[in-house]
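Morning, everyone. One structure today, and I will keep it short. Please have a look at the chain first.

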Amino acid sequence: MNIFEELGEKKTVFADKQYLDHRFLPDNLPHREEQIKSIAKYWIEALNNVTPPDITIYGKTGTGKTAVAKFAMKQLKEAAKNNDLNIRTEYIRCTDYTTEYQVIARLCQQMGRDVPYRGWTKAEVINTFRNLFKKNAFGKDLILLVVLDEIDILLRNDGDGLLYTLTRTDNVSILSISNYVDFKKFIKPRVRSSLRDREIVFPPYGAQQLVDILEERSKLSFKENALGDDVIPLCAALAAKEEGDARYALDLLRTSGELSDEKESDIVQGDYVREAKDYIEHNKITDIIMTLPSQQQRVLESILYLTKRKEEITSGRLFEVYKDVSRGDSVSYRRIFDFINELEMLGLISTNTVSRGRAKGRTNIIDLQCDTTVLEDAIWGM
Ligand SMILES: Nc1ncnc2c1ncn2[C@@H]1O[C@H](COP(=O)(O)OP(=O)(O)OP(=O)(O)O)[C@@H](O)[C@H]1O
Ligand SMILES: [Mg+2]
């Protein structure tokens, strides 16, 4: 028998796994009706041939920001189809296009202008872009709705030039998506004043809301009766604790199903969800650690060493161990503080300031926030 056919015939709880994929855009987004309506309320102006106001969406990871924006784009395209209007919607993920030049070049290309990703001056690219909006004798006014997903990355990387250019181009409306409420600190006042945006907040999902979301998705992706009764509530409860992250809830559900297939079970059990949780956590930490710069890995290794020896970890003591671990190839004591901050932002460690009485002042104590065995595997398994 052919090996692929043989493997293909393996028992599975899934009907169609693609519906649990991150890239799949469902037709129905429970508990986001209000947010979708808010966007539509502004974007409907485009159907009246008026440029809509700019919009900003905020919310923590996995709260449906990208899904809702793409859903709204799809709906507007459908509504505009039968209209004699020239409306374009373009989606840009600012982790793929990280500078003003790249974004504008991408927009030009999407609209049929042959602009290279490097080599031209910024002014040339911007001119080409603005020419798209010049009226000609027969053409209709072009209205462009640009979705800038993960805009905080671009702003941090390249400043606010892109927003300046886009807000100063007639007939362009921006929908920015950000994980951070304070991303506007990267925008200078001159740009902020022309970005007259409406804000829409995406709150974290609660456990019951996640149950509804998972139920919808599981109908498409799992075989009938393949899920134990406690599976979805358990995935939802665990994800609600992780700041209401729907992506994590879906990951838990998919991984539980995969574990079930591995065990050749007909039904996904609640226990598999707990196993899935450990598995995902393990992978996440390993991924983060693998992509850290090597100096940073050594700092983490030093923290691990001190944790295993049950020593209290002050930055001074950490630096001593770090110098040993890195054998001469070390960075300065001051850089260590940057590293500590970054590791804390990644959630791998926490720091706590304690007071040691007036004479000794205040000291920072570092605590490891992830499992030591997972960390050991990741650091020494490389
Ligand atoms: N209301 C919902 N109904 C169905 N699926 C949802 C809903 N909200 C989110 N999802 C799904 O959860 C996953 C994460 O959602 P999405 O990518 O939109 O989150 P996000 O807010 O953009 O997160 P990030 O800030 O990390 O980019 C996607 O697979 C999406 O389809
Ligand atoms: Mg997103």
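In which sense, left-handed or right-handed, does α9 pass α11? The crossing is right-handed. For the term: a crossing is right-handed if the near helix is turned clockwise from the far one by less than a right angle, and left-handed if anticlockwise.

Some ground rules. This is a predicted model, where local features need pLDDT of at least 70, side-chain atom pairs count only at pLDDT 80 or more, and totals for chains, interfaces and linings use all residues. Residues are numbered from 1 along each chain as its sequence is written, while chains are lettered from A and ligands numbered from 1 in the order in which they are written.

Now the overview. The chain has 17 helices and 8 strands. Those are DSSP runs, numbered from the N terminus: helices are H or I with at least four residues, strands are E with at least two. The C-alpha atoms fill a box of roughly 80 × 60 × 45 Å along the principal axes. Of the 382 residues, 32% are buried. Buried means 20 or more other C-beta atoms within 10 Å of the residue's own, exposed means 12 or fewer, and partly exposed is in between, with C-beta atoms placed from the backbone. Among contacts with a separation of 6 or more, 70% join residues 24 or more positions apart. A contact is two C-beta atoms, placed from the backbone, within 7 Å.

Helix α9 covers residues 207-221 and helix α11 covers 246-262; their axes come within 10 Å and cross at roughly 50 degrees. Therefore α9 is oblique to α11. Here is the scale: under 35 degrees is roughly parallel, over 145 roughly antiparallel, 65 to 115 roughly perpendicular, and the rest oblique. Axes are lines fitted to C-alpha atoms, for helices over the stretch in contact, and angles run from 0 to 180 degrees between N-to-C directions. From α9, Leu210, Ile213, Leu214, Arg217 and Ser218 meet Ala246, Ala249, Leu250 and Leu253 of α11. By class, that contact has 7 nonpolar residues, 1 polar and 1 charged. Nonpolar covers Ala, Val, Leu, Ile, Met, Phe, Trp, Tyr, Cys and Pro; charged covers Asp, Glu, Lys and Arg; the others, Gly among them, are polar.

Next, the sheets. One is open, with 5 strands in the order β2-β3-β4-β1-β5 and parallel pairing. Its edge strands, β2 (86-93) and β5 (197-202), each pair on one side only. The twist averages 15 degrees from one strand to the next. Strands pair if DSSP finds at least two bridges between them. β2 and β3 (residues 142-149) have 8 bridges, in the parallel sense. Arg93 has Asp149 in β3 as its bridge partner. Helix α3, residues 65-81, lies across β1, β2, β3, β4 and β5, at about 160 degrees to β2.

The other sheet is antiparallel and open: 3 strands, β6-β8-β7. β6 (313-314) and β7 (349-355) each have a single partner strand, so one side of each is left without a neighbour in the sheet. β7 and β8 (residues 362-368) are joined by 7 bridges. Thr353 stands opposite Asn364 in β8. Helix α13 packs on this sheet, touching β6, β7 and β8, with its direction at about 90 degrees to that of β8. Helix α15 (residues 333-345) packs there too, touching β7 and β8.

Last, α13 again. Helix α13 (residues 294-308) packs with α14 (residues 315-326) at about 115 degrees, axes 9 Å apart. That crossing is right-handed.
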